[in-house]
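Hello,

Here is the structure I promised to pass on. My notes follow below it.

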Amino acid sequence: MFARTACSTLRAGARRSFATAAARAATRTTARSALAAAATKTMPQRRSIQTLDFGGTKEVVYERSDYPPAKLQEVLGKDTLAVIGYGTQGRAQALNARDNGMKVIVGVREGGHSWKLAQKDGWVPNETLFDIEPACDKGTVVMNLLSDAGQKEAWPAMKKYLTKGKTLYFSHGFGVVFADQTGIVPPKDIDVILAAPKGSGTTVRNLFLEGRGINSSVAVHQDVSGKAKERAVAIGVAVGSGYLYETTFAKEVYSDLTGERGVLMGAIQGMFQAQYEVLRAKGHTPSEAFNETVEEATQSLYPLIGANGMDWMYANCSTTAQRGALDWAPKFYKASKPVFEELYKSVETGEETRRTLDVNSRSDYRESLEKELAEIRNSEMWRAGVTVRQLRPENQKKSA
Ligand SMILES: NC(=O)c1ccc[n+]([C@@H]2O[C@H](COP(=O)([O-])OP(=O)(O)OC[C@H]3O[C@@H](n4cnc5c(N)ncnc54)[C@H](OP(=O)(O)O)[C@@H]3O)[C@@H](O)[C@H]2O)c1
């Protein structure tokens with residue numbers, strides 16, 4: 001990383017080179033801006049800060065139609081957004097903000113995987129691409145999108161650049177909420193905000209390119225400027241959000257850690273595996289067990305839940321299936337609720353954070369992760385899945 005003095009001498013030159021880079025990127029940006037403008041045009045132009053009724057509870061929701069390009073410029077036009085980290089979120093958010101006309105620079109470890117990827121995406125060393133410290137120095141909004149374990153490690157180097165008047169941004173409450181473990185305690189004289197897309201970075205980018213936006217949570221941890229909420233929503237829109245739902249840093253991290261360990265990822269693998277093994281033990285073939293456990297779920301029934309809810313999915317199934325589902329749902333509820341309670345407690349007490357920071361900071365982290373993923377990939381159930389997927393009509397056409 002650069003020393004602070006080196007950063008200061010670079011600053012004037014970097015401002016010039018930013019302009020050169022911007023000019024060079026002009027053609028590329030024109031095409032992207034046209035795309036962003038088209039996306040904006042197709043959006044319904046409704047009042048966007050709304051209080052909506054969610055199953056009987058009123059909540060505030062912000063919409064990106066309230067932040068067209070002119071408004072984004074009004075709120076953020078004087079800012080330099082320094083996106084620190086170029087993983088899936090950093091990459092998507094940096095590209096979207098750049099395409100939305102924001103002044104964006106990227107800060108990552110020089111020469112590493114992210115550095116090379118950023119270069120491929122058109123970020124230019126010493127113009128729009130820097131090591132982490134100089135990027136934090138140049139940014140007026142420091143967007144901390146390092147991995148959560150990386151945020152802990154890089155914090156001592158980053159915090160000295162978070163001077164009065166700057167804004168510190170996160171996409172997860174993790175670092176700040178579990179400050180006792182991460183050491184991330186922001187200075188008291190800066191705004192600290194969050195916009196957390198509810199999906200992977202790839203989805204954040206793809207939805208933006210399709211002219212749609214992802215749902216995100218938005219929160220304010222410190223409001224020194226008196227404008228932190230407006231800036232949080234504007235940045236959330238700039239990085240690709242369609243709708244932003246109000247929350248707090250703590251609520252965001254507790255729900256996120258619970259969701260991914262639970263129904264979104266952990267529980268689903270556990271339930272699939274359990275049902276598959278019972279079917280196999282009772283003599284069903286791998287294809288039958290897989291089709292009745294995974295394929296029908298992901299290809300037929302879950303999309304119906306997504307479209308119109310659980311009762312809609314039930315209504316579109318046979319009366320035999322409906323009867324069985326209605327009778328068995330309460331048994332699964334009873335069996336799993338204590339597990340979810342145990343999970344939430346483990347999140348709340350910081351146990352999940354301790355484990356994440358411990359395991360993800362180990363030097364052999366990537367190797368052991370790959371080993372664990374390979375175990376799932378090589379299990380009979382997911383190997384059966386490879387064959388079942390090959391038989392899908394769209395995959396048949398590809399291989400024909
Ligand atoms: N992924 C998601 O779906 C998602 C969704 C919503 C919010 N979030 C949040 O968004 C943030 C970023 O997540 P992500 O998934 O994009 O992260 P990620 O892919 O794990 O981020 C990796 C980035 O962190 C850098 N990094 C890792 N350890 C580092 C260290 N010790 N020092 C310096 N740089 C380091 C990597 O750089 P190198 O290439 O140099 O190693 C890379 O640029 C997190 O707070 C996450 O919780 C993620």
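Which polar side-chain atom lies 2.7 Å from an oxygen atom of the ligand? It belongs to D148. The model is predicted, with local features needing pLDDT of at least 70 and side-chain atom pairs pLDDT 80 or more, while totals for chains, interfaces and linings use all residues. Residues are numbered from 1 along each chain as its sequence is written, and side-chain values use heavy atoms, without hydrogens and water.

The ligand

Backbone atoms also make polar contacts (N or O atoms within 3.5 Å): a backbone N or O atom of Q89 is 2.9 Å from a ligand oxygen, and a polar backbone atom of S147 is 3.2 Å from one. The protein buries 77% of the 900 Å² that the ligand exposes when taken alone (Shrake-Rupley method, 1.4 Å probe).

Around the ligand are 21 residues, counted when a heavy atom lies within 4 Å. Y86, Q89, R109, S114 and D148 come nearest. By class the shell has 5 nonpolar, 13 polar and 3 charged residues (Tyr counts as nonpolar and Gly as polar). The largest share, 4 residues, comes from helix 7.

A helix pair

Helix 13 (residues 266-281) packs against helix 14 (residues 286-308) at about 145°, with axes 7 Å apart; axes are fitted to C-alpha atoms over the stretch in contact, and angles run from 0 to 180 degrees between N-to-C directions. Residues in the contact (heavy atoms within 4.5 Å) include F272 and Y276 of helix 13 and F290 and Y302 of helix 14.

Regards

Definitions and conventions
Polar contact = N/O pair within 3.5 Å; in protein donor to acceptor, adjacent residues only side chain to side chain. Helix = DSSP H or I, 4+ residues; strand = E, 2+ residues; numbered from the N terminus.
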